[in-house]
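Today I am opening a new structure and jotting down what I look up as I go. Come along and check each entry against the picture.

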Amino acid sequence: MTLAAHPHAVRPLRKRIADASEPYLYSAPALILIIAVMLVPLALGISYAFRDIQLLNPFSGGFIGLDHFRALGEDQAFFRALRNTLWWTGASVFLQFIFGLILALLLDKPFAGRGLAQALVFLPWAVPSFLAGLNWAWLFNPVIGPLPHWMHALGILDAPNNILSDPQLAMWGPIAANVWWGIPFFAITLLAALQAIPRDLYEAASIDGAGPVQRFLSITLPFLAPTIAITILLRTVWISNFADLIVVMTNGGPADRTQIVASYIFTQAFKRLDFGYASAIALVLLVLLLAYSMLIVLLRQTLLNKG
């Protein structure tokens, strides 16, 4: 007995196939876009790490295996950039978090003009990073900027010099610009998390005699812990890959004291035109950030389970 002899058996089969494929057909445009925009470039970039891709060498393009990674293991400039990345990322995330948490706690309290204050606090986030770096570079310039003269008046500097040209202090320039530019992210996310905390918990704690510090440690901080974990994860990954301010303000100098891995990738790819070696560096950075992200996600899940 064949299906052709019983058309009523064919129709349900086709309908079942159509019903099963319907969700995939609806999501197909988004999946195709993600594959075309993200996965294909990622796969090409990973393949470049194992090939000799030099734009100025017409004979390049062949498969070279792990040669780039062997060269990377002996590249002192890369390890210097890796150390600078740890310093740049750690200081930026820590200061952004501290100032963002303080602003979120202040903005969580009702006061006259709070809407205007929130708008002013969130304003730096709307400034393009290139423009922010350019403005801060001007501020640190003693000819046209006030910051060197103010720091000299406060005794921070022996003379009103540009700290961006001082190998010992140069990294603090991009860090200051990055902190100013990135504080709103922490302020916005932490303020949203603060406003989700039930107010009756604070009232009950006050009735029990808990002070502001005790309420913060026993109520605010535990409720904010999962949000803090995910925001620190996001900002760490973003800042580690964020070379805009470095390139605009110092271009990795002086003497590579502000060169981070992201700016080193930019230097190898777009100045030396060695896309193979740049892709190998980027792949190492990707693996390090994936390992870090997994640790933070596990920490956040642990905090949620305890909550």
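**Entry 1: a helix on the inside.** I am working with a predicted model. I started with helix α11, residues 261-270, and found that eight of its 10 residues are buried, so this helix is largely enclosed by the rest of the structure. I listed the buried ones: Val-261, Ala-262, Ser-263, Tyr-264, Ile-265, Thr-267, Gln-268 and Ala-269.

**Entry 2: the largest pocket.** Which element gives the most to the lining? I found that it is α12, with 10 residues. Helices α1 and α11 also give two or more residues each.

Entry 3: I then picked Asn-178, which sits in helix α7, residues 172-195. Is Asn-178 buried or exposed? Its relative accessible area is 0%, and because buried means under 20%, I wrote down "buried" for Asn-178. Beyond its neighbours within four places in sequence, I saw Asn-178 in contact with Trp-88, Ser-92, Gln-96, Arg-235, Ile-239, Phe-242 and Leu-245.

**Entry 4: α7 meets α4.** Staying with α7, I checked how it crosses α4, residues 114-122: their axes come within 9 Å and cross at roughly 135°. The two helices are therefore oblique to each other. I noted Gln-118, Val-121 and Phe-122 on the α4 side, and Pro-184, Ala-187, Ile-188 and Leu-191 on the α7 side. That contact has six nonpolar residues, one polar and no charged.

Terms used:
Residues are numbered from 1 along each chain as its sequence is written. This is a predicted model: local features need pLDDT of at least 70, side-chain atom pairs count only at pLDDT 80 or more; totals for chains, interfaces and linings use all residues. Side-chain values use heavy atoms; hydrogens and water are left out. Helices (H or I, at least four residues) and strands (E, at least two) are DSSP runs, numbered from the N terminus. Buried means under 20% relative accessible area, exposed over 50%, partly exposed in between (1.4 Å probe, protein chains only). Contact means heavy atoms within 4.5 Å. Axes are lines fitted to C-alpha atoms, for helices over the stretch in contact, and angles run from 0 to 180 degrees between N-to-C directions. Angles under 35 degrees count as roughly parallel, over 145 as roughly antiparallel, 65 to 115 as roughly perpendicular and the rest as oblique. Ala, Val, Leu, Ile, Met, Phe, Trp, Tyr, Cys and Pro count as nonpolar, Asp, Glu, Lys and Arg as charged, and the others, Gly among them, as polar.
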